[in-house]
Amino acid sequence: MITLGGGWDEALAPLFADERYKKIREFLKSEYSTRVIYPDMYDLYNCFRYTPLDNVKAVILGQDPYHEPNQAHGLCFSVKKGVPLPPSLKNIFKEIEDELGIREPDCGDLTKWAKQGVLLLNTTLTVREHAANSHSKCGWAWFTDSVIELVSRYCGHVVFILWGGNARSKAPLIDSNKHLVLQCAHPSPLSAYNGFFGCGFFKKTNEYLIKNGIQPIDWDLNER
C-alpha cells in the first residue's frame, strides 16, 4: 500500500486502482527483482511526498530518471548529495546565476525546491541502469499525463515549466487560462543554446507567483 500524504493519496487513488497502473506495477515487480532499476523503489514517489498537492506552485517536467548509479532519487533533474552535477543540471544552475545572480551550488539535491512547492515530475518514473528511456513504453506516460491534468484541474495559478520536446508535448494537458505555461529548449548541452539559455523562466516564475499573491520560490541551494 502506497502512502504519500499531502493530499495525494486521495487524489491519486483512482489511478492506483486502475488496471493500467496494476500492469505497471507487475512490470516493475519483475524489473526490480531481475535488473538494476533507478530510482530505488522507496524513492520512486518522492516528488509527491515532498510537495503536497495543496502547495504546488510550479511543475518542472523531466523525461526519465538519471540512469547511472547513485544519481536518481525521485525528483527530476535532482541528484543526491555528493554526486557530481550532471550537465543538464549544471546548465540549469548557470541560467539561475545569469538570471538571479545566485552562484552554482556544490550540491545538486533539489529537495529544497520540492519542499517549497516545485513538483519535480519525470514523465517516466523509472529506468534501467545504463539504459535511457528503457521504461518509456511501460505505461508511465498515461500515469504522469493524468497527474499533470489533475494538477491543472485541482490547483490554481501554477507555473508549468516545459523544457524540450517531450515536456512541451504535454502542454495540451494544461489549462493555460488558469496557469502560466513556459516552454523552451531542454537544458541538455545538445540544445541549451537553442533557447534555454536566456529563457528567464526562474525570474518569470516568481514574478507570476508574486502577482497572484503566492510566496515565490527561493531558488538558492547554497548553504547559508
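Ring pairs join Phe-77, Phe-93, Trp-113, Trp-163, Tyr-193, Phe-196, Phe-197, Phe-202 and Trp-219 into a cluster. The model is predicted. A search of the whole structure finds 19 aromatic pairs. One of them brings together Phe-77 and Trp-163, with ring centres 5.5 Å apart. The protein chain carries 8 helices and 6 strands, and buried residues make up 53% of its 224 residues.

**Aromatic pair Phe-77 and Trp-163**

- A pair of aromatic rings is described by the distance of the centres and the angle of the planes.
- The planes of Phe-77 and Trp-163 stand at 75°, over the 60 degrees required, so this pair counts as edge-to-face.
- The pair links distant parts of the chain, because Phe-77 and Trp-163 are 86 residues apart.
- Phe-77 sits in the loop between β2 (58-62) and α4 (87-100), while Trp-163 belongs to strand β5 (residues 159-163).
- Phe-77 has a relative accessible area of 9%, so it is buried.
- Trp-163 has a relative accessible area of 2%, so it is buried as well.
- Both Phe-77 and Trp-163 are members of the ring cluster.
- Phe-77 also has a positive phi of about 70°, although it is not a glycine.

**Aromatic pair Trp-142 and Phe-143**

- Trp-142 and Phe-143 form another edge-to-face pair.
- Their ring centres are 6.1 Å apart, and the angle between the planes is 65°.
- Both residues of this pair are buried.
- Phe-143 lies in helix α6 (residues 140-154).
- The relative accessibility of Phe-143 is 0%, so Phe-143 counts as buried.
- Neighbours within four places in sequence aside, Phe-143 is in contact with Leu-15, Phe-16, Tyr-21, Ile-24, Tyr-45, Phe-48 and Leu-125.
- Gly-117 is 26 residues from Phe-143 in sequence, and their C-alpha atoms are 20 Å apart in space.

**Overall form**

- From the N terminus on, the elements run α-α-β-α-β-α-α-β-β-α-β-α-β-α.
- The radius of gyration is 17 Å.
- A compact globule of 224 residues would have a value near 17 Å, so the chain agrees with that expectation.
- The C-alpha atoms fill a box of roughly 45 × 35 × 35 Å, taken along the principal axes.
- Take the contacts between residues at least 6 apart in sequence: 66% of them join residues at least 24 apart.

**Surface and charge**

- The protein chain exposes about 10,600 Å².
- The chain has 25 positive and 26 negative charges.

**Helix α5 and Gln-116**

- Gln-116 is in helix α5 (residues 111-116).
- Gln-116 has a relative accessible area of 17%, under the 20% cut-off, so it counts as buried.
- Beyond neighbours within four places in sequence, Gln-116 is in contact with Asn-55, Lys-57, Pro-216, Ile-217 and Asp-218.

**Loop between β1 and α3**

- The peptide bond from Tyr-38 to Pro-39 is cis, with omega near -5°.
- Pro-39 is in the loop between β1 (37-38) and α3 (46-50).
- Met-41 is also found in the loop between β1 and α3.
- Met-41 has a relative accessible area of 44%, so it is partly exposed.
- Met-41 and Gly-62 are 21 residues apart along the chain, and 18 Å separates their C-alpha atoms.

**Loop between β4 and α6**

- Asn-133 is in the loop between β4 (127-128) and α6.
- Asn-133 has a positive phi of about 65°, although it is not a glycine.
- At 33% relative accessibility, Asn-133 counts as partly exposed.

Definitions and conventions. Residues numbered from 1 in each chain as written. Predicted model: local features only at pLDDT ≥ 70, side-chain atom pairs only at ≥ 80, totals over all residues. Heavy atoms only, no water. Helix = DSSP H or I, 4+ residues; strand = E, 2+ residues; numbered from the N terminus. Rg over C-alpha atoms; globule rule 2.2 N^0.38 Å. Buried < 20%, exposed > 50% of the residue type's maximum accessible area, 1.4 Å probe, protein only. Contact = heavy atoms within 4.5 Å. Areas by Shrake-Rupley, 256 points an atom, 1.4 Å probe, with all protein chains shown as cover. Lys, Arg positive; Asp, Glu negative; His and termini not counted. Charge placed at Lys NZ, Arg CZ, Asp CG, Glu CD. Phe/Tyr/Trp six-rings, centres within 6.5 Å; stacked < 30°, edge-to-face > 60°.
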